[in-house]
Amino acid sequence: MQEILKQFPNLTPVQIEQFEKLQALYEDWNSKINVISRKDIDELYTRHILHSLGIAKIQQFEKGTYILDVGTGGGFPGIPLAILFPETRFYLIDVIAKKIKVVNEVANALDLKNVKAEQMRAENVKGDFDFIVSRAVTNMPDFVSWIKDKIKKQSKHELKNGILYLKGGDLTEELKDFPKATEYNLSDYFKEDFFETKKVVHLPLKFKA
């Protein structure tokens, strides 16, 4: 939690309280529905919350932005980003119903009015979004095939509308067909060993009518 306060010094008292509640909420729900590994629950703030907030180091979301989180699992990166950007709308989806139950319970406990979570396949989502975020749910070619027609035409951010993808390791092969992809090393922002190989990949995608 101290690292979050250090990295994001402008949090409101409400946001600080919401971030502080996450550990107890996830420990409680994880004991009923296992959505985070036992090892990772002890490192929740580094491996899940701070990792999710790595996207905010690459792009701050403007008021009224609409974000789709694909394969959100227990709510990452969507829940931490929804706390950080209360005036941005987040739509969190996963194919596993029990994970979405946890997401909804956590969002309700934190009174996050900007979060909607549903059991849904990415291919079946209706609507268009400024950015689509995810944490390594699949390889980039498959991911792009799921969501390529769900990007808003008009960009209002420094980065063009498209994908912001949390991924680790050498992505040369995976991104070889995406010359416009940009890799941002999270080790440039966060000093913990966990982030040594972690990246945010931005892939701009054009609107497909």
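Me: Hi! By class, which residues does the lining of the largest pocket have?
Reply: Hello! This is a predicted model, and in it the lining of the largest pocket has eleven nonpolar, six polar and six charged residues.

Me: Thanks. How much space lies in that largest pocket?
Reply: The largest pocket holds about 370 Å³ of space. It is lined by 23 residues, and the closest to its centre are Gly71, Thr72, Gly73, Asp94 and Val137.

Me: Let's switch to helices. How are two packed helices described?
Reply: By the angle between their axes and the distance between the axes.

Me: OK, so at what angle do α2 and α4 pack?
Reply: Helix α2 covers residues 13–32 and helix α4 covers residues 44–58. They pack at an angle of about 130°, and their axes are 11 Å apart. That angle makes α2 oblique to α4.

Me: Is the crossing of α2 and α4 left-handed or right-handed?
Reply: The crossing of these two helices, α2 and α4, is right-handed.

Me: And which residues meet there, between α2 and α4?
Reply: On the α2 side you'll find Phe19, Glu20, Lys21, Leu22, Gln23 and Tyr26. They meet Leu44, Tyr45, Ile49 and Leu53 in α4. Sorted by class, this contact of α2 with α4 has seven nonpolar, one polar and two charged residues.

Me: What about α2 and α6, at what angle do they pack?
Reply: Helix α6 spans residues 97–109, and α2 packs with α6 at an angle of about 145°. The axes of this pair are 11 Å apart, and the crossing of α2 and α6 is right-handed.

Me: Which residues make that contact?
Reply: From α2 come Lys21, Leu22, Leu25, Tyr26 and Trp29, while α6 brings Lys101, Val102, Glu105, Val106 and Ala109. The contact of α2 with α6 divides into seven nonpolar, no polar and three charged residues.

Me: New topic, the backbone. Is the peptide bond from phenylalanine 76 to proline 77 cis or trans?
Reply: That bond is cis, with omega near 10°.

Me: Where does proline 77 lie?
Reply: Look in the loop between β1 (66–70) and α5 (78–84).

Me: What phi does aspartate 111 have?
Reply: Aspartate 111 has a positive phi of about 55°, although it is not a glycine. You can find aspartate 111 in the loop between α6 and β3 (115–119).

Me: And what about the phi of alanine 136?
Reply: Alanine 136 is not a glycine either, yet has a positive phi of about 50°. Its place is in the loop between β4 (131–135) and α7 (140–147).

Terms used
Residues numbered from 1 in each chain as written. Predicted model: local features only at pLDDT ≥ 70, side-chain atom pairs only at ≥ 80, totals over all residues. Heavy atoms only, no water. Axes fitted to C-alpha atoms, helices over the stretch in contact; angles between N-to-C directions. Helix = DSSP H or I, 4+ residues; strand = E, 2+ residues; numbered from the N terminus. Parallel < 35°, antiparallel > 145°, perpendicular 65-115°, else oblique. Left-handed = near helix turned anticlockwise from the far one by under 90°. Contact = heavy atoms within 4.5 Å. Nonpolar A, V, L, I, M, F, W, Y, C, P; charged D, E, K, R; others polar. 1 Å grid on protein atoms, 1.4 Å probe; cavity = no way out; pocket = protein on both sides within 12 Å on 5 of 7 lines; lining within 4 Å. Points joined across faces, edges and corners; volume = space filled by probe spheres on them.
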